[in-house]
Amino acid sequence: MRYFVSRVMFFVLTLWAAVTLNFIIPRLQPGDPAQTMVQRLAGQSEAIDPAAIRAVQIMLGLPTGSIFEQYVDYLQAVVRGDFGISYTYFPYTVTHMIAEALPWTIVLVGVTHVLGFVIGTLLGAAAAWKRNGKFDTVVSLGSTFIGTLPFFWIALILIYVLAFTLRWFPEAGGYSGEIDPAWSWAFFGDAIYHGILPALSLLITAPIGWIMGMRNNMVHTLGEDYTRLALAKGLRQRRVALTYSARVAILPNVTGFALGLGTILGGTVMVEMIFGYPGMGKLMFDAISNRDYPLMQTIFLFTTIGVLLANLCADILYGVLDPRVRREAQT
Amino acid sequence: MSTPIGQVAKPIDSEPAPGDVAAAVRRSRLPSWVVILWANRKSRIGLIMLGLFIFVAVFAPLLATHDPKVTDFAQSLPPGGAHPLGTTASGQDILSQLVYGARTSIVVGLVAGTVVTFIALLVGLTAGYLQGWVDEVLSFLINLALVVPVLPLMITIAAYSPVRGLFLIIFVISITGWAWGARVKRAQILTLRSRDYITAARFAGEGRLRIIFAEIMPNMMSLVVAGFLGAAAGAIGAEAGLEFLGLGDPTTVSWGTMLYWANNSGAMLTGQWIWLGAPGLAIALLLSSLTLINFGVDALSNPHLRER
Amino acid sequence: MKIVKEVPVQADDPLKSPWRRRTVALASLLVLATGAAACQSGSPTEEGNKGTPKAQGMVSQLNMGDFGGGNAPQRNFNPFSPTRLVTDFTFEPLFVVNAYDCTVTPWLGTSYTWENPAKLVVKTRSGVTWSDGKPFSAKDVAFTYNLLKTAPALDTNGLWSKLTSVTAEGADQVTFAFKEASVPTFTQVSDVRMVPEHIWSAVTDVAKFTNNEAVGTGPYTVKSQNTQQLVLERNPKYWQADKIKVQRMMFKKATGGAEVDKLRLSRGEYDWNAMFVPDIEKTYVAKDPEHNHYWFPPGASISLFMNLTKAPFNDVEFRRAMTFAIDRDEIKNKAQFGYVETASQTGLVMPGQKAWLAPGIANDGKVPYDAAQAKKVLADAGYKTGPDGKLLGKDGKPLPDFSYKVPNGWVDWIQAAQVIQKNLADLGITVDVQTPSAEVHDKDRGIGNFDMFFGVHGGGCNIYQAFQHPLGSSQTAPIGKVAPTNFIRWKDAKTDALLEELAKAPDEAAQKTVVHQLEQIMVDQVPVVPLWYGAQWFEYRSEKAIGWPNAKDPYAGPGNQLIIMTKLRPNPDYRGK
């Protein structure tokens, strides 16, 4: 029990530290959001009337007071769930913007992440079990090469070949625009059609990490004595593979999966950017580009909480899967 | 006094390596890890590929036909003649850029990979083995570093940094990349640590450092080396990604900046496939070589896996 | 103030698309209007036999580029909001200042007079209705201006720092009273878009008002909008509806970034766009030479700005040598794809502003590349060359390495800086091209922490600002303090006196005499070294519609959407739907 309590305490403490970090990071950077905003309008490099900047500052209601006061305000706002107004999408609120973007990313990345994990872990386990066999060679070498292709590059190639040249898929966007977003089959069909290429460019490389991780871990556990002992005792190979090797070998992958779920956003920034996919990754990149502090902070915060929760789950799962860890913490 | 169980559980010490490799190790003056890796067909291919890349990187000035930054040639030339891969939209020789780009990637991989592995190992080992409050503190740091989304953090730091360039990118990769490895190593130690042979060693009164370096480390060798190769690969990929996003110094010559320029100067529109394709493939091949080497790595700490 | 009202492209993803950022603002001042006469006078005779839309002589739909509002555009048709979507077809100003030739076209205002340099009287148009059917009057005009007074956040041009009052007299006259002589502010005053009092008077927080109904006087109303597209529909109640021949405009979000947008453009998916395209003849025009066209008229001057508080930049002879030292043609061809024109030392946009050129200035004020002459000027001024080939300062010590700051990722500017680096190396001057982030660049520029960088000035129809921004002493600040626009720290009593005179000059003749003297200062004192004119991107397809402005018929700048819409008409040869 103590193990689980300590994990929860970690969760709370890390949450606070992360919230604070979220406050600090954007403020360490140079750049005035009002100036950036006016600059965007005037065209970069244009000289800007200071009156215009002042006016935009007024409109944005930029944070005032000492850094400490800002911090207290920020903490209170976070507790209230009030994340302010986006600078880029003024006068719409940050919450409004995130609510609009979040489902896209959750679906896109959720699907590809789970698929990638399942495919990757299975292939990896199989490759390890039949290591140095033909299957292993094909899977390993194939995924080795494919997995190393930069995925922004894959995305560009996919766009050019499948969307631009062959015109099988739309080259950008989350939906065509002809159909307004609604709970209709027409819209979902359209959205899935648009999601195929982004999903594909994530899926091509997604399982690779899991294949490698699983294969290496499992190869390692296959060399362990308990596995060999089990084999020596005459247990069936499949049973050994599943209940002994795979169960231990999957542990680091489970951690990885949980963390990977949290870093969902990071991994998709580039793909969402290239495909102009209306998700969190794109929103975040735009927020950073535009010095949209409130939006940026909140997206950071959401991601952070996501990772934290995933982390907590991983820890708890770890304790469940490997009782030794739990016992260790109790002694 | 070691218990028999402990002895049995240390594969490297207890099990003789299969004949050929063991003999090769004995015969050779090379470090044993090179021999072991060389014995594996895949990692041998990887080593050869990596060797080629390093060769190209080291002798870039001799191999490149032109100065990669000089913009004196006709713009957007198709491949052929004096420019086997053509020229960029600003009149640079693509082949020479590709050759020099190898330097950047190798340096980034080597430096960032080493730094990341070192930090990860130090933190992971300490946290996982010592446990107690040290673990609490370090785990807290690991978790903290993990919860900050890495790529967005990289982008943020790089985007806002007052200076641009390779050093910044290596720095960003290093400070954002270690937590994952530390976490995995800590997790590994947690399981290793609860093994009987470690318990036995502890009861036998062996010192902590000795247990860590003599008992645990050998079992973690593959993890460490794999971690390094992974970190180096990650760093090379991240460098290319950041450069592609325009967050590096676009005047440096690297595969990432080549992709950046190719993309922003419409290489696809002008039909210069090689300009866009070659750097991507070069990155993939270099990373492939690292991954291939990784195939032989598990044999380092697990003799059963050594190929004949 | 040059808030760009360009249609399609709003610089998004500054990190990603280096080319987009400076779709440089408005065109030149006073280019001779080579007659707004039609060049592509297609015969409107064949109208009868081609389907319903064309039976009415209509283009059924034009496909447009981006519609603003960032990458996840939210409904916002508040024409004063910096985050608005395209509102330029829905809301109209009193006068349209032609961005190309700077002529003033009466729009919702029919005429204007400066009763004195601080009092402007405007007659407004009658018979205009808002798109909801209510009549438009001078009261709406006065209301709109006073609205900006109550909401300073929306007054991005800072009008009310100069205005004292705006009042309506009767149904068709508005009087503007200014604090001081303000003739040059006309371009800003006339630029404000009119909104209906009967809707906006009920709004409490104007800055946060998103104006979803978008009731305006303009030729188009909003039909539908989501984050991917915006559809504008022809307004049948428009006061000059007979001139509007395009039924619908379909804006598509440039979601895929610059590269995808370029692909779409080359595929002919846009009838009208404003984007940078590399090698445009090959990547765009060649795909459909009959219909794909472009016109990149010159905009603002992009110049070598030096820190005048430092030696040797504080030496006029050194600066004069710089005018010869830089190979502008190489910059034009290498860094700018040959899309631009080299710039005149006068600060004017040539050849468009030729009418303003002071007599006696040869070759349009363009200085040819002449390295030998540069060396001679330096030698005559007492700069010697050291044994290692490095140029020595006047004190005999080698000059330090100079930094040339260019915002990171601004591909073409970096290449231009590299040309300059090479040119100056020939003189024995070492230049270090640095590429800090745009924010750091702008900050350093403001506080004077630089040796050299690219400055942008002029190009708009406000000739006062063209000189006052870079050279007026009110626009500068000591090193370490942020200078608004005079980054080079040019302080000259004569310049200031001339600027003051220009602000009061009531007519063009009086303005020209003053401008001639300002040009002379540019040529003699070389406060900055203009290099090339930023291009305004503009691509159009003549397949469905004809009557676009172009080099042969520059009746308006590419940003003058309202004027262009009154000129477009169906292509009689178009057989499609």
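In the predicted model, Val121(C) has Thr175(C) of β7(C) as its bridge partner. This pair belongs to the antiparallel pairing of strand β5 (residues 119-124) of chain C with strand β7 (residues 173-178) of chain C, which extends over 5 bridges. Helix α2 (residues 138-150) of chain C packs on the sheet that contains these strands, where the helix touches β5, β6 and β7 of chain C and runs in a direction that makes about 155° with that of β6(C).

The sheet in question is open and consists of 4 strands of chain C, arranged in the order β4-β5-β7-β6 with antiparallel pairing. Its edges are formed by β4 (109-116) and β6 (163-168) of chain C, each of which pairs on one side only. When direction is ignored, neighbouring strands of this sheet are turned against each other by 15° on average.

A further open sheet in chain C is built from 5 strands in the order β15-β14-β16-β13-β17, and its pairing is mixed. Here the edge positions are taken by β15 (431-434) and β17 (528-535) of chain C, each pairing on one side only, while neighbouring strands are turned by 35° against each other on average, direction ignored.

Helix α10 (residues 411-426) of chain C lies across β14, β15 and β16 (452-457) of chain C, and the helix runs at about 170° to β15(C).

Definitions and conventions: Residues numbered from 1 in each chain as written. Chains lettered and ligands numbered in written order. Predicted model: local features only at pLDDT ≥ 70, side-chain atom pairs only at ≥ 80, totals over all residues. Pairing = 2+ DSSP bridges. Helix = DSSP H or I, 4+ residues; strand = E, 2+ residues; numbered from the N terminus. Axes fitted to C-alpha atoms, helices over the stretch in contact; angles between N-to-C directions. Contact = placed C-beta atoms within 7 Å.
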